[in-house]
Amino acid sequence: MKGIIVKELFISRKRFCITAATYFTLMLMWILVKMSCLYGNIGKYAGKGADEAAKTTYYFAVFGMLVVLIGFVINNTGSDIMSRWNIYQKTLPMTSKQLVGAVYLANAVTISAAVLTHLLMTFILCAIFGIGFKAFYLEVFAAFAVIVFFFNVMSMYPFYRFRSVKKGKLAASVLLGGIYVGLYIALYFFVNSSAQKAHEEIIRLAQEMNVKISKLPVTEDKLAEEYLLRDLGKLTDTLLDFRWLFLIGAALLTAGVFFMSAKALDRPMDDTKPAKNGEKGAVS
Amino acid sequence: MAEYTNAIEIKGITKRYDGFTLDDLSFNVPKGSIMGFVGQNGAGKTTTINTILNIIRADEGSVSVFGLDNIKDEKEIKKSIAAIFDELPFHETLNAKNLNSILKRIFDEWSSETFFNYLDRFSLPSKKKFGQFSKGMKMKLQIAAALSHNAKLLIMDEATTGLDPVVRNEILDIFLEYLQNEEHSILMSSHITSDLEKIADSVTFIDKGKLLITGYKDDVLNSHGILKCSRSDYESIDKNDIISARITEFGVEALVSDKSGCMKKYSGAVIDPAALDDIMVYYVNRNKKEWS
């Protein structure tokens, strides 16, 4: 298994270097923004002055930069097919579970290392920005690591199953696209529900205070924003209450995908429809 | 591993695809020898090799390697075999140093010293990416990797195809060196019969998924011959004695499989030695019987 882990790291090293360079360059940028705020060079950013600009920059650096860490995810199943390594590894003295397990382990190691590095950077940012570290950051970072790991192993499965780069990419795109659409629809309903509640509240307030809507001290948009934040807060609380259930569910699903991937890898190379003309990785 | 006589034993292997069937193939690769596995393109050589390596599964039949079942004892077998393919199966972004780091953690008996010695011998750079290697360099790299973990069996699928004569010669010498150890065996598939004539101890011919001949190379070469005669003399030859005949306006050249018998039967006929190349060509045309 160690050999496969080393192989995954070697193949991904260029991407790791680019991701690390991007991450630290952006972090430096956020720190420079803070220094700029100290000297008052950033004025009405977000319409509220230098302190607000610094705060916004801080939260963006702590949470937004997590997205950059996705570059440390390992998924070389496509390039394994292109290079015919997937055929060579069938001649190695390793079981399919060891092969898939090694890839999962490599992922776990790199994602964990990336998140730990980000945790360290967050402590540094807290010191520079003068904002206290909050315990829930740990939960957010851990949740991020678990979610990214889970979706990565899900997107690897189509490559093991179809042994075709085109089909693997298509299936992975459909899966991730489906999740994106699902989240978009969920957010749409959330926003719509908040807007609906805000609209009903505004009408009720106008009737109660016996004034026109335009004369009310609060706008419908502001109310909708508050309802949305409140609903998201409730959802977050619910998710946090049931976080162990989600963790167990994610672990079980990951285990399921692991066994399915190992089984797919175990199948004879000619057990899938052969790749089309000229596509690499086909067994002649 | 228990004692065994044959490095590979193939019994009744059948594999069916649309438009092609590997049909009831049986042959052995004796321990300590090189078996040349010959056939034209599409004959079923790669299918057979993939079955031995458990890359694909046969529909019927069995394969044993070192006396062990190739499916049940797969992991045990694969510690001691090395496969060499016609295309390099390593990522192009890796270099030889990286490959050493990877394979030394996979094979218990990997020797980095042996690997780098072969790299020096083949003049392969250790830090150059594989994507920049020529075809000959890629093949030498595969051979260096194959010979660095004390493999008892090399299985090569068209390993010398596309290489120039100088590189092919170098590689064949390496294989002869490898076979100095009596525990080592090689199964080498190729349609370049001149390579096999140089080094093979035994040969197996297949065509369109069917076994044609299997046996010691010298026996095969000694038993076959090219009977040359005029077209009028050809009429008097028993067609059961010939595999196929090439008919030209100048005469007839027919392959016989019982050279000494035909020499006695057709005492006036000229029967020249047949090369593996000739044997392959004439057998491929056996159904036509007469061709030009």
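Predicted model: local features only at pLDDT ≥ 70, side-chain atom pairs only at ≥ 80, totals over all residues.
**Interface, extent.** I started with who touches whom: 28 residues of chain A are in contact with 30 residues of chain B. I then looked up the buried area, and the two chains bury about 2,600 Å² between them. Carbon and sulfur atoms account for 65% of that. On the chain A side, I find that Tyr88(A), Thr91(A) and Pro93(A) lose the most area to chain B, and together they make up 24% of what that side buries.

**Interface, polar side.** Next I checked for salt bridges between chain A and chain B, and the rule finds zero. Polar contacts do turn up: I get six residue pairs across this interface, with both residues at pLDDT 80 or more.

**Interface, which elements.** I asked which helices of chain A supply at least two residues each to the side touching chain B, and got H1 (2-38), H3 (77-83) and H4 (85-88). H1(A) gives the most, with eight residues. Sorted by class, I count 13 nonpolar, seven polar and eight charged residues on that side of chain A.

**Helix pair inside chain A.** Then I turned to H2 (residues 50-63) and H5 (residues 96-129) of chain A, whose axes come within 10 Å and cross at roughly 170°. The angle is over 145 degrees, so I note H2(A) as roughly antiparallel to H5(A). From H2(A), the contact uses Ala54(A), Thr57(A), Tyr58(A), Ala61(A) and Val62(A). From H5(A), I list His118(A), Thr122(A), Leu125(A), Cys126(A) and Phe129(A). What classes make up this H2(A)–H5(A) contact? I get seven nonpolar, three polar and no charged residues.

How values were computed
Residues numbered from 1 in each chain as written. Chains lettered and ligands numbered in written order. Heavy atoms only, no water. Contact = heavy atoms within 4.5 Å. Buried area = accessible area lost by both parts, 1.4 Å probe. Salt bridge = Lys/Arg side-chain N within 4 Å of Asp/Glu carboxyl O. Polar contact = N/O pair within 3.5 Å; in protein donor to acceptor, adjacent residues only side chain to side chain. Helix = DSSP H or I, 4+ residues; strand = E, 2+ residues; numbered from the N terminus. Nonpolar A, V, L, I, M, F, W, Y, C, P; charged D, E, K, R; others polar. Axes fitted to C-alpha atoms, helices over the stretch in contact; angles between N-to-C directions. Parallel < 35°, antiparallel > 145°, perpendicular 65-115°, else oblique.
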